[in-house]
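Have the viewer open while you read.

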Amino acid sequence: MKICVAGQGAFGQKHLDALKRIPDAEVTSLVGGNQDATAEVAKKYGIPHYSGDLSEGIKRADAVILTTPTKMHFRQGEQVMRAGKHVLVEIPVTDSVEDAEALVRIAKETGVIAMGGHVRRFNPSHQWIHKRIQKGELAIQQMDVQTYFWHHAAHTIDLFQYQAGQTISDCYAVQGPIHPQLGIAMDMGIVAKVPSGAILTLSLSFNNDGPLGSFFRYICDNGTYKAFYDDLSDGKDNRIDVSKVDVSMDGIELEDREFIAAIREKREPNASLAEVLPCMRVLGRLEGIIDPQRKAHA
């Protein structure tokens, strides 16, 4: 499987590290903005071709992984799919609901595999919870999440719907104090609910002064579980071994393995663009709630 990775930055390199561990995955091209940095990363990973032109990478690959800035995702995603190549788009897949819906339509028109980079579905800690839910051993009453990177709101909204097995029916958001120089809020709170009654409470902040990361508390009908990256414990702080949940402890690797497997098996992947579209629609609803609050502060 010949892969082009677009984006030479930190997240592009996370995918390059993951792809090295996947049999028969060959990175044939690296596409980046800063050509000096792109050349350096290509040399580091032994990638035979690098360019600033995505079309050059596309023609050398069967599939493309986009780790470029979100504002570029729609145009690049369409370019890849119109070329008949499969695409994995990192999160957030677009910066508007309309563009996300358009990418889903293009994927259907072209018949390619199109996937979103919702890695939380693949992290072993969250997989362990999901497998127990599927077996009927757990049902979520509440997910309580603290995260300190705003784009992780997309991760959490999608994960909540994925774990609950339902689409959010009710949601609300509030913003915190407005930053005096930036003119935007650096803190936000989100609450959401699915038809079963399960709720999500989500805290986001750029004011937090460490530790960084996302903390997940699953409050279930049959126990409480706490996840931080791939550490999982119960409500009494007893550690749970998740090392055998999947073939790797690296969620990015498991995400990339699913992408490649779906291409080979000609099936819809877990976290396809169509599957993560409900997340984008909820984020659109929340944006509609926050915008009047922003205007009121202006």
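1. Ground rules. This is a predicted model, where local features need pLDDT of at least 70, side-chain atom pairs count only at pLDDT 80 or more, and totals for chains, interfaces and linings use all residues. Residues are numbered from 1 along each chain as its sequence is written, and side-chain values use heavy atoms, with hydrogens and water left out.

2. The overall count. I get 15 salt bridges in the structure, taking a salt bridge as a side-chain nitrogen of Lys or Arg within 4 Å of a carboxyl oxygen of Asp or Glu. As a reminder, side chains of opposite charge can pair when their charged atoms come close.

3. Lys59 and Glu56. These two side chains form a salt bridge at 3.2 Å, N to O. For accessibility, buried means under 20% relative accessible area, exposed over 50%, and partly exposed in between, with a 1.4 Å probe and protein chains only. Lys59 is exposed because its relative accessibility is 55%, while Glu56 comes out at 25% and so is partly exposed.

4. Glu78 and Arg82. Here the closest N and O atoms of the salt bridge are 3.4 Å apart. Helices are DSSP runs (H or I, at least four residues), numbered from the N terminus. Both ends are partly exposed: Glu78 has 25% relative accessibility, and Arg82 has a relative accessible area of 47%.

5. Glu253 and Arg257. Their side chains meet in a salt bridge at 2.8 Å, N to O. Both belong to helix α8 (residues 251–265), with 4 residues, about one turn of the helix, between their positions. Which end is buried? Glu253 is, at 3% relative accessibility, whereas Arg257 is partly exposed with a relative accessible area of 27%.

6. Thr156. Thr156 belongs to helix α7 (residues 152–164), and with a relative accessible area of 0% it counts as buried. What does Thr156 touch, leaving aside its neighbours within four places in sequence? Its contacts are Val145, Leu200, Leu202 and Phe216, where contact means heavy atoms within 4.5 Å.

Note on methods:
Helices (H or I, at least four residues) and strands (E, at least two) are DSSP runs, numbered from the N terminus.
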